[in-house]
Amino acid sequence: MYKNAAVGEDILCFTAKARLQVLPTKYNLALWYPAHHHPHCIMHSGHQLESVAHVVNGCTMYKGLYIARHDRLVDLISSNVKEVSLENVTMYKHSRIMPEWFNSSFDVFCNIPNTPDVVFLNRDRREVLLLVIGCVFDLYMEMAFNDKILKYQPILEILRDLGYQCKLIVFTFGSLGHVHNRVFSGLRLAGLSSRKSKQLAKFCSISAVRERVRREDGRTDNGSACTTQLYVYNCFYC
Ligand SMILES: [Zn+2]
């Protein structure tokens, strides 16, 4: 992140503060000035603490932005893998795994997690590649990686029972620009060159949500952020 020329000074400043947990979130403001602030997110009626993790990953008001980033990462990675795939490979995105893809009349995939982000299916070679992309707060990347690996074990077993060779690759990215240490090897395993894998991992690390936050009256905020959230979305996500 700090060596990346594509990252502007304002984003670097925000990221450094967020990683050091010194952003002026409501939670921090309540610690510093307890007489003047409460620690809760002002975007909800519920009492959720407005921590750094909440702002960049957990606020329901901005769920759409988090999902947009996730979907953009899915598009980026899947299009790069598709480029190096064989011609007879079919790609499915954002879909649950369907039994008819494998000529199964019975839905063997019901009642288990069956929605990896991308499926590459080579019917001739009977090979399946499952890609799962996760975006989490940076501290939880290892936990999220392990959770996803475990989550999709049942579907791997079923696919193997159906006679397919399967690979599951999990890519985990942090909200503050960290990339999980298995992303590079995952991209290599998916068929990308070493150079391309390195480039793509670096690009994904800064492909934060780019939508600009609009104020309630519909105007795009000009940077004079009055709340931490607006600061975040003007500095980090644009
Ligand atoms: Zn919130």
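1. In this predicted model, strand S1 and strand S2, the latter made of residues 118–122, pair in the antiparallel sense, and four bridges connect them. Within this pairing, the residue that stands opposite Tyr92 is Val119 of S2.

2. Helix H4, which covers residues 63–83, packs on the sheet to which these strands belong, and the helix touches S1, S2, strand S3 (127–136) and S4. The direction of H4 makes about 150° with that of S3.

3. The sheet itself is open and has four strands, arranged in the order S1-S2-S3-S4, and the pairing across the sheet is mixed. Strand S1 (90–93) and strand S4 (165–174) each have a single partner strand, so these two stand at the edges and one side of each is left without a neighbour in the sheet. With direction ignored, neighbouring strands of the sheet are turned by 15° against each other on average.

4. As for the protein as a whole, its elements comprise nine helices and four strands.

5. Two overall figures complete the note. Of the 238 residues in the protein, 32% are buried. Where contacts between residues at least 6 apart in sequence are considered, 60% of them join residues at least 24 apart.

Technical notes. Residues are numbered from 1 along each chain as its sequence is written. This is a predicted model: local features need pLDDT of at least 70, side-chain atom pairs count only at pLDDT 80 or more; totals for chains, interfaces and linings use all residues. Two strands pair if DSSP finds at least two bridges between them. Axes are lines fitted to C-alpha atoms, for helices over the stretch in contact, and angles run from 0 to 180 degrees between N-to-C directions. Two residues are in contact if their C-beta atoms, placed from the backbone, lie within 7 Å. A residue is buried if 20 or more other C-beta atoms lie within 10 Å of its own, exposed if 12 or fewer, and partly exposed in between; C-beta atoms are placed from the backbone.
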